[in-house]
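Dear colleague,

I am passing on a structure that I have been looking at, and I would be glad if you opened it beside this message. My notes on its charged side chains follow below.

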Amino acid sequence: MKVSKYLLLAVLVLPLALAGCRGGKFQSQPVHPNMNMDQQKRFEAQEKNEFFSDNRAMRKPVEGTIARDNLKEDKALYQGINEDSSFVDQIPVDVTKSFIYRGKDQYEVFCTPCHGIAGDGNGIIMANNYGYVPAPSFHLERLRNQSDGYLYSAIANGIRNMPSYATQIPVKDRWAIVAYVRALQKSQNVSEDEIQEYDVDLAALEEDYQEKLAAQQAKEEAQAGGDGGEVSVERGKTIAQNNGCMTCHSTDGSKLVGPTWQNLYGSERTFDDGSTATANEEYLKESIVEPSAKVVEGYPPSMVSYDFLSDSEINSLVEYIKSLSENAE
Ligand code: HEC
Ligand code: HEC
């Protein structure tokens with residue numbers, strides 16, 4: 001079969017030409033070949049309809065209709081309030097051990113980011129100082145003395161700057177969370193006498209707590225780079241790995257995106273503008289903080305600046321790169 005080359009051209013070019021119209025502005029209505037019942041006459045919610053004597057389009061249920069499932073008459077359960085609109089004192093469902101654990105689960109999903117894992121108001125959002133209104137600690141006297149209904153209402157309706165979690169958390173889970181918040185509050189406020197009853201080894205607990213605290217502090221310091229400014233080859237290696245340097249630089253002489261670090265220190269470098277320099281410490285530091293200042297010949301200027309690293313981190317990187325060179329003194 002022989003196809004006219006003009007026809008072929010038209011078939012190839014037409015879709016391109018049509019595609020070129022996308023995003024353009026038109027005066028006339030868009031062509032809508034398949035209606036799919038997209039447009040039809042109907043009444044919106046709350047709209048007027050003169051067909052009925054009361055002019056409402058929305059009809060009431062027929063007299064004598066019996067609600068199935070959706071009648072939320074139980075105010076205590078659904079709203080956490082009594083008939084007189086005061087908050088209920090107690091959770092209006094059975095609190096079992098598994099119910100509290102369900103609450104723990106959901107608390108850790110929805111509340112920890114702000115209120116913290118222990119309910120002390122030190123969630124990650126607060127700790128990182130994003131400028132959010134501080135979430136209060138649940139261990140304040142004021143909140144320990146609040147009713148269960150008050151806590152429920154905070155979840156269901158939100159409170160001041162805290163948004164409502166009604167759409168995310170179903171009614172039963174809200175109460176489970178309340179039960180868990182109560183457990184958290186209890187955990188931080190046990191009287192001496194009660195502890196005696198439980199027969200726990202306070203000295204061992206204290207030791208355990210101090211150990212965890214020390215580990216946590218060490219971790220935070222390491223993250224903040226507040227390591228007392230230690231400079232070492234080992235640390236440089238870790239920093240290079242953690243910052244993705246090794247995706248572009250090898251230590252075995254092979255060429256990746258960037259030049260290898262093997263024998264880099266002390267060698268003569270040639271740059272894309274023809275100039276040269278010896279790779280001393282100063283040069284290495286500049287290469288890390290301002291890579292575009294001197295671009296090594298034969299390589300793309302594709303390295304971003306790492307000027308956010310602390311001095312001790314940069315010095316550690318330099319020490320590490322030096323350790324990979326036979327030219328090091
Ligand atoms: C996005 C952060 C955020 C999350 C998530 C969050 N809260 Fe809050 N919460 C706040 C802030 C902020 C306040 C203080 C609001 C204010 O005083 O304006 C608050 C206040 C409260 C209060 C009232 C305390 C008082 O001072 O009376 C309760 C109770 C509470 N939250 C419970 C919860 C529970 C339970 C959850 C999980 C379902 C939760 N919150 C999730 C930020 C949050
Ligand atoms: C996306 C790839 C890439 C990453 C990631 C990268 N670099 Fe580079 N680097 C390059 C390229 C390409 C060059 C050569 C071009 C230039 O000089 O800007 C280079 C050059 C260098 C030089 C000078 C090398 C020479 O041969 O003179 C040093 C030193 C260096 N990088 C250190 C680092 C350190 C330290 C890190 C991690 C903190 C790092 N680079 C991360 C691509 C990268």
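The structure holds 14 salt bridges, where a salt bridge is a side-chain nitrogen of Lys or Arg within 4 Å of a carboxyl oxygen of Asp or Glu. Side chains of opposite charge can pair when their charged atoms come close.

Please bear in mind that this is a predicted model, in which local features need pLDDT of at least 70 and side-chain atom pairs count only at pLDDT 80 or more, while totals for chains, interfaces and linings use all residues. Residues are numbered from 1 along each chain as its sequence is written, chains are lettered from A and ligands numbered from 1 in the order in which they are written, and side-chain values use heavy atoms, with hydrogens and water left out.

One of the pairs joins Asp-148 to Arg-182, with 2.7 Å between the closest N and O atoms. This pair links distant parts of the chain, since Asp-148 lies in helix 7 (residues 148–157) and Arg-182 in helix 8 (residues 171–188), 34 residues apart; helices here are DSSP runs of H or I with at least four residues, numbered from the N terminus. Asp-148 counts as buried because its relative accessibility is 9%, buried meaning under 20% relative accessible area, exposed over 50%, and partly exposed in between (1.4 Å probe, protein chains only).

Lys-48 and Glu-50, by contrast, are both exposed, and their salt bridge has its closest N and O atoms 3.5 Å apart. Lys-294 and Glu-286 also meet in a salt bridge, at 2.8 Å from N to O; Lys-294 is partly exposed at 32%, as is Glu-286 at 26%.

Finally, a network of salt bridges links Asp-54, Arg-56 and Arg-59.

How values were computed: Helices (H or I, at least four residues) and strands (E, at least two) are DSSP runs, numbered from the N terminus.
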